[in-house]
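Subject: Structure handover

Dear colleague,

Please find the structure below, followed by notes on what turned up when it was examined.

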Amino acid sequence: MSLAEVAGFRARLPRGEGPWAWLAAGSVALSLLMLGGLLTLIAVRGLGHFWPASVSLVELDDGQLLAGRAVRELPLATGQGRERLYFTGNRDIDGHVWQWVAVDRIVASEQPRELVVLERVRYGDFIGRLVDVRPAGSHVQGVGGGEVAWAALQARLAAVDALRDERDDLQRNVIQPLVRQLEKDPGDTAARRGLAVANDRIRGLQDAMQAEVVVLQSVDGRRLVLTLAEVLRAWRPNAMSLPEKMGAWVQGVWRFLSEGPRVANTAGGVWPAIFGTVLMVLLMSVLVTPFGVLAAVYLNEVAHQGHLTHWVRIAVRNLAGVPSIVYGVFGLGVFVYGIGGSIDEWFFSDQLPSPTFGTGGLLWASLTLALLTLPVVIVATEEGLARIPDHQREGALALGATRLEMLTRVVLPMAVPAMLTGVILAIARAAGEVAPLMLVGVAKLAPQVPVDGEFPFLHLDRKFMHLGYHVYDTAFHGDDIQAAMPMVYATALLLVLVVLVLNLTAIFLRHYLRARHGALSRH
Amino acid sequence: MPELPPSLLSLDRPGSALSNSTGPIIDFAPDASCLDVEGLSLAYGGKPALRDLTLRVPRQRVTAFIGPSGCGKSTLLRALNRLHDLDETVSRQGSIRLEGQEIHAPEVAVDELRRRVGMVFQAPNPFPMSIYENVAFGLRLQGGMSRRRMNDIVEWALEAAALWGEVKDRLRASAWSLSIGQQQRLVIARTLAVRPEVLLLDEPASALDPISTLKIEELIRSLKSQLTLVLVTHNMQQAARVSDYTAFLHDGELVEYAPTASLFTNPRLARTENYITGRMA
Ligand SMILES: Nc1ncnc2c1ncn2[C@@H]1O[C@H](COP(=O)(O)OP(=O)(O)OP(=O)(O)O)[C@@H](O)[C@H]1O
Ligand SMILES: [Mg+2]
């Protein structure tokens, strides 16, 4: 019985064939259930992260006030009553962001409209009340509180966002190229002047962003003054309608997908990691396919089918089982230090001792993974070639084709679906690999993607970010694992989706090519 | 197709009684031969499949090879266009000449030889391409042909294979969408398109229904004015219907070789008669 049959609810269990059929069906059902559970878990946890959940204002029996988002509830260790976990934010004034509260101690809990949540550049979220928006350094009342302040804050944040975009743009497209230019030629006075001008402009922008402050107050009455530059986003979850929340959710997901990471990867987006993962996998496919196909063609069509070929085949199949970290070690030793080191000596000696190719990078990572997935492509292609009936080959030969013509015109086109199966399997394996990448080029933080407008456009020597490594890094290297967990789930979900999309693309391609074979109309 | 000179073949009818001799009985005028097989022995990994075989295939005639299963008919046919070259386990002695030229000579290019000696297999094996591309396959290999000329040849070949009428409106359709009988005629058309001098047919109709079989037989008869045909078949009636000469092989050896009419009506050897009357499998 196949998975597809069960999934399609067409499972037929033959009557009277004993318990084994039920056992088999049960195993399939259990596997599917676990798989579904896994995906649901990461989907719910990951996607829930972007939902602007309501914030409660809670009064305890001792008069203490707190504002936060209820996260979960557990029975108390004493066995009586329950306790609830709140995310309260305000790391800078409270020193913590989580608070457990025994449910029977809660005297009142309400959700006032005016509570604001601010996403900040540092210290994570602020939860509390908005008091005022005023010029920096002023102690005079500005626009005042309430709806007016909220409207003012919205408008000011939009303006600051525009300034921030301009600053980032300047940084990326003007300052960095000029700095690289100056590294190459320190005497370039025009570049030096340009840099000074750009830096002035950036200072100006920064000043403009800090020109105004927002005055905040926590629910227990402590004040906090932030410059607008420190605030990324503000929302009032209790005042939002469902469509507004959904809009905010979509926006949040979009920012996650399109922005770079912040705060040691525990906040912000994962765009460089998505880009790095996809680019690395594509490069890997481009590298592994020709090698794998040629090797398979040699083994199946050219080589004398003797003992040696037999042993080579066994060896290739076993290579698929070598742990991936071993490939990482190989990549580090041979590609990075060996080949990369030599390339640096020959072509980039002016930049030594800082390495160009003699350190981990996109190229070496792709090559290492190509090596890792080579056996998969070879085996799949070989199986495809072996399935092609000999009479197709003989048919071509009998028409006067040479062996090369037979291969290129009849055999290989027929084996294309098998090759793509190999590539699909290779992608599935490579996209999820993290261990070898840590040795050959993945970076904790590389906000600059390896493709840009600067010659040679694709920077094979650059380090890159990877979703798998990002998951690992976010989960273990932040200082608040609780806060990072939603990011971990979201990133993991994204990794699954990226692998899925890559695979589906290849599957679609294979399907298309098969269809073309079936009802082919060339020329 | 260039017209070959009319055959000079003349047959003298045998009239002797059945003989039990074992040596090959060859009743055939040699001067118009297209293929000369001489002392051909062939073994698969040491196991002999053909033993010291000598026979001539007349030009522009249909010659049938008959014999029990495993007697080496296919092996002989494949030797004629060197398809065995692919198999390293095959060892061969003896010579085969095509129009007087040794086909194993070093100066003979095997792809050129196979173009001159085309082959059609038991199961139709069209390529997974369009009908048009199947027929044009051999032409494209030769290259340097104008589109118009290629179209002409494709049409001519399909016409010659009695398939044009059935496929002329769907040349772009996949060859695999044709019926088995049509596929076999397509394969014949594909082979004819490269204008072979010899066409080898290995049980070309054994996978087909009676109507398709008749069509193939008609086709074979119509083609012999243009080329030399060699037909392997298990069907005695078919051999009798379409061939001019018949060779009876047994256990890798040539037993009797004579004009079809005389072989079937008046076999000289008891072994031959037993086989064609069905007393020997
Ligand atoms: N590729 C091969 N490797 C080894 N032995 C082979 C191979 N092909 C054929 N033989 C053997 O050679 C002998 C002749 O085979 P061949 O296929 O020529 O017989 P045939 O007369 O065509 O039989 P059939 O009528 O069943 O097609 C048989 O004994 C067969 O087992
Ligand atoms: Mg045979």
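A polar contact is here a pair of N or O atoms within 3.5 Å; within protein, one atom must be able to donate a hydrogen and the other to accept it, and residues adjacent in sequence count only if both atoms are side-chain atoms. This is a predicted model, in which local features need pLDDT of at least 70 and side-chain atom pairs count only at pLDDT 80 or more, whereas totals for chains, interfaces and linings use all residues. Residues are numbered from 1 along each chain as its sequence is written, chains are lettered from A and ligands numbered from 1 in the order in which they are written, and side-chain values use heavy atoms, with hydrogens and water left out.

I begin with the ligand. A polar side-chain atom of B:H234 lies 2.6 Å from an oxygen atom of ligand 1, and for B:E203 the corresponding distance to a ligand oxygen atom is 3.3 Å. The side chain of B:Y44 has an N or O atom 3.3 Å from a nitrogen atom of ligand 1. Taken alone, ligand 1 exposes 630 Å², and the protein buries 62% of that (accessible areas by the Shrake-Rupley method with a 1.4 Å probe; for residues, only the protein chains shown count as cover).

The shell around ligand 1 (residues with a heavy atom within 4 Å of it) includes B:K47, B:G72 and B:K73. Helix 1 (73-80) and strand 3 (47-58) of chain B each supply at least two of its residues, and helix 1 gives the most, with three (helices are DSSP runs of H or I with at least four residues, strands runs of E with at least two, numbered from the N terminus).

Turning to the interface, 24 residues of chain A and 31 residues of chain B take part in the contact, meaning heavy atoms within 4.5 Å. About 2,400 Å² is buried between the two chains, with carbon and sulfur atoms giving 61%; buried area is the accessible area (1.4 Å probe) that two parts lose on being put together, summed over both. Across this interface the rule finds one salt bridge (a side-chain nitrogen of Lys or Arg within 4 Å of a carboxyl oxygen of Asp or Glu), and the side chains of A:E394 and B:R78 meet in a salt bridge at 2.5 Å, N to O. Of the side of chain A that touches chain B, helix 11 of chain A contributes the largest share, seven residues.

Best regards
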